[in-house]
Amino acid sequence: MKTILRIVVVLSTAFAMLPATAALNVFACEPEWGALAQELGGDKVSVYLATTALQDPHRIEARPSLIARIRSTDLLICSGSELEIGWIPLLLTQSGNPRVQLGAPGYFEASQYVVKLEIPKVIDRALGDLHPGGNPHVHTDPRNIARIAQALEDRMAQIDPANADGYRSRAKSFLGRWQVALARWEQQAAPLKGVPIVVYHKDFSYFINWAGMREAGSLEPKPGLPPTPAHLAELVDRMKIQPAKVVVYSPYNSPQAAEFLSSRTKIPAVMMPFTVGGTDKAKDLFGLFDDTIGRLLAVVK
Amino acid sequence: MYRKATMALAVAAALGLPHAAIAQTQDELRTLREQVRQLDRRVTDAEQAAIQASSRPASESAMNPAVSVILNGIYSNLSQDPNTFRINGFTPTLGDVGPGVRGFSLGESELAFAANIDHNFRGTLIASISPEDSIGVEEGYIQTLSLSYGFTIKAGRFFSAVGYQNQIHAHAWDFTDAPLANKVFLGNQLNEDGIQLKWVAPTSLYWDVGVEAGRGRQFPAGPAGGRNKNGVSSGNVFTHIGGDFGTGTAWQTGLSYLSTSPQDRTFDDADSTGTTVTNSFSGRSRLWVLDGILKWAPNYNPTYTNFKLQGEYFRRKENGDLTFDATGTAQTGGFTSTQSGFYLQGVYQFVPMWRVGYRYDRLNAGTTSNELVDSGALTAADFPILAKYNPTRQTAMVDWSPSEFSRVRLQFAQDKSRSDVTDKQVFLQYIVSLGAHGAHKF
């Protein structure tokens, strides 16, 4: 027992404590929410990104380093709608942090504040990895970002009332710039209307809905299941009759399936940034939509 | 409104007065404004309703607990009779740790319920239904949600945090069976009735420290079912540290110390004449486990390829009294042993859905001193199972997981647990999960 106590004491001095700053500790499940929190919080928040654009947010290991971060988190921002069902609940129960448990003010699910698409009428695992609450990838519609920003502003002001005025004024400035950008994007995306598009996973549904594009197929045979040769062959045949204009995939997807389809059908395959950090140009939320629209226009025109 | 406007129009037309025309436009404007205002309110209401309608409450099946079922079935081909299975050189554990029956068999089916009880507690019940039609409680515990400062308390029956693999449910193991070290030192898997207090440090490097106090209902404590006494019969202290390095490697290492005081812990053996006798041990048993796990995936994205390295080292000291033929002549003498064992395994997913793995097991019978033999009262031949022998096993497996909910595995092993023969084992197994099954630990 004595030896164990001694080990505990030695270890506790060996580990640096987390910097005890006054800033609000934000744990962002996906990079887009980290970017949004940074826009609204400025130097009043310290944002930790749990994942990068190169990771599939459906499949994240509940790593020890993530538990350690949640332990000291004041505000957890996730997409919700069961996107993070495979890792966040486990991190929460292991963290011993009541501030961010489900229902606490420190638990924020972005998808709760927007109208969700693709709410399944039939829920059965034979149909693939469905999200009973609807498609969770809500951030690909720029209008949703504005709605979620307003909800997040309220939440940040509630958790950290001392800096509420700061959050309010930053949110106002952000939303103002966002509306200007939104008007520009709407104009720029006009040529995308009605354009048939093949996706890898159903993670662009909100963008497709916003831009008025038409989803003509997906590389995954069923949501969450990797592309199979049989499904790709069928897709190639379908594209020969009714060709799509573009095939898109995300940085966390292997480009192989999209390139295969592209090589057989001459439909250009394009990697979308998908989230902040997905491409060099997608440095922030503005860059994310600039680059997303730019990449599509480059091949659709 | 409209009538008013029409009347104003009629009056204006009749009188041809310009100020009446202005009044009419203003009236119309007011009407329009009111209409726009009402329309705007309706749009806002509709939007709110749509958001409400599309937002399913974020809970597990509304108020029902999350329910899941694990099914697994095995076809086993064993070159040696499983009824003669034993791990030589080590005291037999209280339960069966053998490779199971030959031919087709249903593995343990699991039924799990979990939900938040209220804002303070979460409850989990995992029942296992054995192929022999008996139901057991594998885990059944409550866990705190609202303690601050990184503390959590678990109470009930749970897999003890001793070592790494012991806390993982069998269906999530990377091989069909447990490592030999887990078999001899923990009787396959130790689930304790008791309480666990765990603290997670506020450091950027993951660090936890915890203690468990238990009933001692299983090996290495004894007798089976636990002692008839108040207080604590089994204690465990553990700590883990873990973190990330590079652009895709996560690691965790842990140290645990399990201390129990077995009383009349029995095991069967054959004496020098070949007659089966029941021996029993009373004294102290102390077990140290050092474990390490390393997971690699390019950019932490395990979808396409990933690698997992896992190993544990066990060391146990027991000292007390050994009674030979407890139900007969009952001769008692001092007994001490220092034994150890380890396993190391690697599992590599080389393409989506397909993994290969290799495991090496080795136990070291170490040193034992048996007063009954040393004094000449009995001979070493009276304790054949304790004769010094270092068991080893090599295992290779390949598995295919068409989705996160199903897995089919083929495993080969060369098991040298018995001192005289090698058991060549082949297992073909399926493991599937139905329903809302919780995420798995790192």
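Two strands are taken to pair if DSSP finds at least two bridges between them. In this predicted model, strand S1 (residues 24-28) of chain A pairs with S2(A) in the parallel sense, and the pairing runs over five bridges. Within it, A:Asn25 stands opposite A:Ser46 of S2(A).

The pair belongs to an open sheet of four strands in chain A, which follow the order S2-S1-S3-S4 with parallel pairing. Because strand S2 (45-49) and strand S4 (107-109) of chain A each have a single partner strand, they stand at the edges, and one side of each is left without a neighbour in the sheet. From one strand to the next, the twist averages 20°. Helix H2 (residues 31-41) of chain A lies across S1, S2 and strand S3 (75-78) of that chain, and runs at about 170° to S2(A).

Between the two chains, 45 residues of chain B are in contact with 48 residues of chain A. On the side of chain B that touches chain A, two or more residues come from each of helix H2 (18-54), strand S6 (151-159), strand S8 (206-214), strand S9 (234-245) and strand S10 (249-260) of chain B, and S9(B) gives the most, with four residues. Sorted by class, this side of chain B has 23 nonpolar, 17 polar and five charged residues.

Elsewhere in chain B, B:Gly376 is found in the loop between helix H4 (371-374) and strand S16 (392-403). B:Gly376 counts as exposed because it has 7 C-beta neighbours inside 10 Å, where 12 or fewer is the limit for that class. The C-alpha atom of B:Gly376 is separated by 63 Å from that of B:Tyr304, with the two residues 72 apart along the chain.

Notes: Residues are numbered from 1 along each chain as its sequence is written. Chains are lettered from A and ligands numbered from 1 in the order in which they are written. This is a predicted model: local features need pLDDT of at least 70, side-chain atom pairs count only at pLDDT 80 or more; totals for chains, interfaces and linings use all residues. Two residues are in contact if their C-beta atoms, placed from the backbone, lie within 7 Å. Ala, Val, Leu, Ile, Met, Phe, Trp, Tyr, Cys and Pro count as nonpolar, Asp, Glu, Lys and Arg as charged, and the others, Gly among them, as polar. A residue is buried if 20 or more other C-beta atoms lie within 10 Å of its own, exposed if 12 or fewer, and partly exposed in between; C-beta atoms are placed from the backbone. Axes are lines fitted to C-alpha atoms, for helices over the stretch in contact, and angles run from 0 to 180 degrees between N-to-C directions.
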